[in-house]
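Please find below a short note on the model. The points follow one residue first, then the chain as a whole, then its surface.

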Amino acid sequence: MEIGLLLYLVFMIALSAFVQGLTGFGIGIFLMCFLPIKFGYQFSVIICIFAGSL
């Protein structure tokens, strides 16, 4: 995985966790809006499941 993709992934997870902290929901919704742009749909679902379980 390239460093640019890794930074994009970390930034999107941090931003969606911030949104969830403010509103109380939204980590999966926010991630699934932006992750399939760079990653495939199936890989994005796996990332969302992992990030939501943290």
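**Notes on the predicted model**

1. M32 is found in helix α2, which covers residues 27–38. The coordinates are those of a predicted model. With a relative accessibility of 25%, M32 counts as partly exposed, because the partly exposed class lies between under 20% (buried) and over 50% (exposed).

2. Which residues does M32 touch, once its neighbours within four places in sequence are left aside? The contacts are with Y41, S44, V45 and C48.

3. M32 and L6 are 26 residues apart along the chain, and 16 Å separates their C-alpha atoms. L6 is one of the residues of the nonpolar surface patch described in point 6.

4. On the overall fold, the chain has 3 helices and 0 strands, in the order α-α-α along the sequence. The radius of gyration is 10 Å, close to the 10 Å given by the globule rule for 54 residues, so the chain is as compact as a globular protein of that length. Along the principal axes, the C-alpha atoms fill a box of roughly 30 × 20 × 20 Å.

5. How much of the chain is buried? Buried residues account for 24% of the 54 residues. Of the contacts between residues at least 6 apart in sequence, 41% join residues at least 24 apart. The accessible surface of the chain is about 3800 Å², and carbon and sulfur atoms hold 75% of that surface.

6. The surface carries a nonpolar patch of about 740 Å², made by M1, I3, L6, L7, V10, F43 and I46. Which element gives the patch its largest share? That element is α1, with 4 residues.

7. M1, also a member of the patch, lies in the segment before α1. The relative accessibility of M1 is 64%, so M1 counts as exposed, the cut-off for that class being over 50%. M32, at 25%, is placed in the partly exposed class.

Note on methods:
Residues numbered from 1 in each chain as written. Predicted model: local features only at pLDDT ≥ 70, side-chain atom pairs only at ≥ 80, totals over all residues. Heavy atoms only, no water. Helix = DSSP H or I, 4+ residues; strand = E, 2+ residues; numbered from the N terminus. Rg over C-alpha atoms; globule rule 2.2 N^0.38 Å. Buried < 20%, exposed > 50% of the residue type's maximum accessible area, 1.4 Å probe, protein only. Contact = heavy atoms within 4.5 Å. Areas by Shrake-Rupley, 256 points an atom, 1.4 Å probe, with all protein chains shown as cover. Patch = residues over 30% accessible without salt bridge, like charges linked within 9 Å, V, L, I, M, F, W, Y side chains within 5 Å. Salt bridge = Lys/Arg side-chain N within 4 Å of Asp/Glu carboxyl O.
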